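This report goes through one protein model, from its overall build to a handful of residues in its loops. Please keep the sequence and the structure in view while reading.

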Amino acid sequence: MQPTCGSRLRYQLAAESITPFIGVYDVFSARVAARHFDALFVSGFGFAASHYGLPDLGYIAWSDMLAFVERLRAVLPDHHLLVDIDDGYGDPAVAAHVVKRLEDAGASGVVLEDQARPRRCGHLDGKQLLPLDVYLAKLERVLAVREDMYVIARTDATEPDEILRRARAFSGAGADAVLADGLRSLSDLRALSRGVACPITFNQIAGGKSPPTSLTELQGLGVSLVIYSTPCLFAAQEAIEQAMGELRTSDGRLPAASPRRVGVPQCTRLLRESHDRQRSVPASLI
């Protein structure tokens, strides 16, 4: 019997002291990132930007995210896919349905937050929290329907005492790991890792509320999983801005081909790798 996506992720997390998950925003960015890392994060921030052209303010429909994960799994059959599902897109029944569908589609794990609607990126101001018992009912429903998918329970609380109270409750409910998003201080992260029995996740995002920190430092602080939400999205924005500026100032002349610049051969080579993987995948998933 083939190991499931969830069990494969659990095996890797148990074997490694710390694991980075690289945020991707579309299938192409995932294909590039997959050349360098075997654990990918399906970023809600990135997906809202790429699929809708909107900020991370709760616009994502769960059916769109599910279709995205299906496409990712079709071209990346062996990579770990950790999916940001925001608040589960609704009440406990909806969240459980989404998690079950994602697990069937090949997601390795999910991150479920405790925000109330209207929700927003964890590194923006103005977040509102669900009452703890309301969130726990949603988390427990999700945990009950998953088979072996890895479930990270996220809190957007900002006060250290409330962060610890919620994280302990998440761990007690059976979450595989906990994440306190938007932490401003590494001392708060250290307190969290010392105060909670289950693995700790840390989210890094350029320009966000949390200080940039190395994997070595985070491992010393007791972190087991590190999410990099938006490196591909922000790199793409910077590169496109630069390319458009060069095109405008060069009288419309494209730069000469060189091994250091991406052109038809380099891009086609990457896409052929995806094509070869899709040959044995049902057309409905491509």
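A residue is called buried when its relative accessible area is under 20%, exposed when that area is over 50%, and partly exposed in between, with a 1.4 Å probe and protein chains only. By this rule, buried residues make up 46% of the 286 residues in the protein. The model is predicted, so that local features need pLDDT of at least 70 and side-chain atom pairs count only at pLDDT 80 or more, while totals for chains, interfaces and linings use all residues. Residues are numbered from 1 along each chain as its sequence is written, and side-chain values use heavy atoms, with hydrogens and water left out.

## Overall build

The protein holds 11 helices and eight strands; helices (H or I, at least four residues) and strands (E, at least two) are DSSP runs, numbered from the N terminus. Its C-alpha trace spans about 60 × 45 × 35 Å along the principal axes. The radius of gyration, taken over C-alpha atoms, is judged against a globule rule of 2.2 Å times the number of residues to the power 0.38. For 286 residues a compact globule would have a value near 19 Å, and the protein, at 19 Å, agrees with this.

Contact here means heavy atoms within 4.5 Å. Of the contacts in the protein with a separation of 6 or more, 70% are between residues 24 or more positions apart. The protein exposes about 14,000 Å², of which carbon and sulfur atoms supply 55%; accessible areas come from the Shrake-Rupley method with a 1.4 Å probe, and for residues only the protein chains shown count as cover.

The charge count gives 31 positive and 34 negative side chains, with the centres of the two sets 4 Å apart. In this count Lys and Arg are positive and Asp and Glu negative, whereas His and the chain ends are not counted, and the place of a charge is taken as NZ of Lys, CZ of Arg, CG of Asp or CD of Glu.

Which side chains does Asp156 join through polar contacts? A polar contact is a pair of N or O atoms within 3.5 Å; within protein, one must be able to donate a hydrogen and the other to accept it, and residues adjacent in sequence count only if both atoms are side-chain atoms. The side chain of Asp156 has such a contact with that of Lys127 at 3.1 Å and with that of Arg154 at 2.9 Å. Asp156 lies in the loop between strand 5 (150-155) and helix 7 (160-173), and because its relative accessible area is 2%, Asp156 is classed as buried. Lys127 is 29 residues away along the chain, yet the C-alpha atoms of Asp156 and Lys127 are separated by 7.4 Å.

Leaving aside neighbours within four places in sequence, the contacts of Asp156 include Asp114 and Asp181. Asp114 itself sits in the loop between strand 4 (109-113) and helix 6 (132-145), and its side chain makes a polar contact of 2.7 Å with that of Thr155. Not counting residues up to four places away in sequence, Asp114 touches, among others, Arg154, Thr155, Asp156 and Arg166. The loop between strand 4 and helix 6 also holds Pro118, which is joined to Arg117 by a cis peptide bond with omega about 0 degrees.

## Around strand 3

His79 lies in the loop between helix 4 (62-75) and strand 3, and the side chain of His79 reaches the backbone oxygen of Ala34 at 3.0 Å. Beyond four places in sequence, Ile85 is in contact with Val99, Leu102, Val110, Val111 and Leu112.

Most residues other than glycine have a negative phi, and most peptide bonds are trans. Asp86, in the loop between strand 3 and helix 5, has a positive phi near 50 degrees, and Tyr89, placed in the loop between strand 3 and helix 5, has a positive phi near 70 degrees.

| Residue | Relative accessible area |
|---|---|
| Asp114 | 0%, buried |
| Ile85 | 0%, buried |
| Asp86 | 1%, buried |
| His79 | 12%, buried |
| Tyr89 | 13%, buried |
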